[in-house]
Amino acid sequence: MTTTQTFPLKQETDIVVVRQQVRKAAEQARLGLVSQTKIVTAASEIARNALIYGGGGECRIEQQMRDGRTAVCLIISDQGPGIEDLDKAMVDGYTSGNGLGLGLSGARRLVDDFVIRSEPGNGTVVELWKWR
Amino acid sequence: MVDRIPILKMGQYLLLSIQVDMHDQLAIDLQEDLTEQIVRHKAKGVLIDISSLEIVDSFIGRMLAHIANVSRILDAKVIVVGMQPAVAITLVELGLSLEGIATALNVEKGMRWLERTVDRDMSLEPESDDDTDISAEAGN
């Protein structure tokens, strides 16, 4: 069974909507409370990145099966400038803006699987997975 | 959507309870409102209840740290109370330890900590009875 919903990330308040929808999806996938909180927090970090650094984008929320477990999969994408050096961007404390530099590295620690694809000029796509 | 978090004054303290999922601008406005009210009311302590917050991400974490820092400089103590356990676990894993921010399990314990800390501070200031700060008075 796969359900997919897509939400825009065009303005700050869209981050709140994405958080609420991810929470709903995590509840439907019957994730535990801590897992729900982790995936919602990770979504918040990555969605803010897409908005601030990527100039906006969208968040796709899917319920999937992964190795026989119910999983929530989020695909957050933007068409921004992309990330020059992915390895550097994944390090705690590294920031190109004025944040804490915890967004990418922190979000990766909060989820069960984390995939990032980005090239300069071609935007960034982040996949976040959390399963039961 | 809510566009302001109410701040309540009680004696020398300010109390606020964040009960909505804050968008970033709301958090920024709260910082500014609170700073302004600390000065206006000459508040000695601030209690922030986050028991209704279902997540604290790096942005909200940074806001709390910022509030604590600014308040300290303005001579007001800050305590954050009521963080949900799942939020605390997530926050640590995210990499935010909220160092330097006093926390308590609930409002009652937080209030007692504020009273104790502020009282102790006052007793260390022998001249606090005739505390007429001319520059502050002139600003009113």
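This note sets out numbered points on the predicted two-chain model shown above.

1. Basis of the values. The model is predicted, and local features need pLDDT of at least 70, side-chain atom pairs count only at pLDDT 80 or more, and totals for chains, interfaces and linings use all residues. Residues are numbered from 1 along each chain as its sequence is written, chains are lettered from A and ligands numbered from 1 in the order in which they are written, and side-chain values use heavy atoms, with hydrogens and water left out.

2. The sheet of chain B. Chain B holds an open sheet of five strands, with mixed pairing and the order E1-E2-E3-E4-E5. Helices (H or I, at least four residues) and strands (E, at least two) are DSSP runs numbered from the N terminus, and two strands pair if DSSP finds at least two bridges between them. The edges are strand E1 (7–10) and strand E5 (102–104) of chain B, each of which pairs on one side only. From one strand to the next, the twist averages 25°; axes are lines fitted to C-alpha atoms, for helices over the stretch in contact, and angles run from 0 to 180 degrees between N-to-C directions.

3. Five bridges join strand E2 (residues 13–17) of chain B to strand E3 (residues 45–49) of chain B in the parallel sense. Within this pair, Ser17(B) has Asp49(B) in E3(B) as its bridge partner. Helix H1 (residues 24–41) of chain B packs on the sheet and touches E1, E2 and E3 of chain B, its direction making about 160° with that of E2(B). Helix H2 (residues 58–73) of chain B also packs on the sheet; H2 touches E3 and strand E4 (77–81) of chain B, and its direction makes about 155° with that of E4(B). Contact here means heavy atoms within 4.5 Å.

4. Nonpolar cores. A nonpolar core is a set of buried Ala, Val, Leu, Ile, Met, Phe, Trp, Tyr and Cys residues joined through side-chain atoms within 4.5 Å. Buried means under 20% relative accessible area, exposed over 50%, and partly exposed in between (1.4 Å probe, protein chains only). The largest core has 67 residues, and those with the most contacts inside it include Phe114(A), Leu128(A) and Ile18(B). Helix H2 (residues 33–52) of chain A supplies the largest share of this core, eight residues. Leaving aside neighbours within four places in sequence, the contacts of Ile18(B) include Ile5(B), Leu30(B), Ile48(B) and Met63(B). A second, separate core of 10 residues includes Leu15(B), Ile79(B), Ala102(B) and Val118(B).

5. Gln63(A). This residue is found in strand E2 (residues 57–66) of chain A. Gln63(A) is buried, at a relative accessible area of 12%. Its C-alpha atom is separated by 9.4 Å from that of Gln5(A), 58 residues apart along the chain.

6. Positive phi values. Arg30(A), a residue other than glycine, has a positive phi near 55°. Arg30(A) is found in the loop between helix H1 (12–28) and H2 of chain A, and counts as exposed at 60% relative accessibility. Lys42(B), which is not a glycine either, has a positive phi of about 50°. Lys42(B) is placed in the loop between H1 and E3 of chain B and is partly exposed, with a relative accessible area of 45%.
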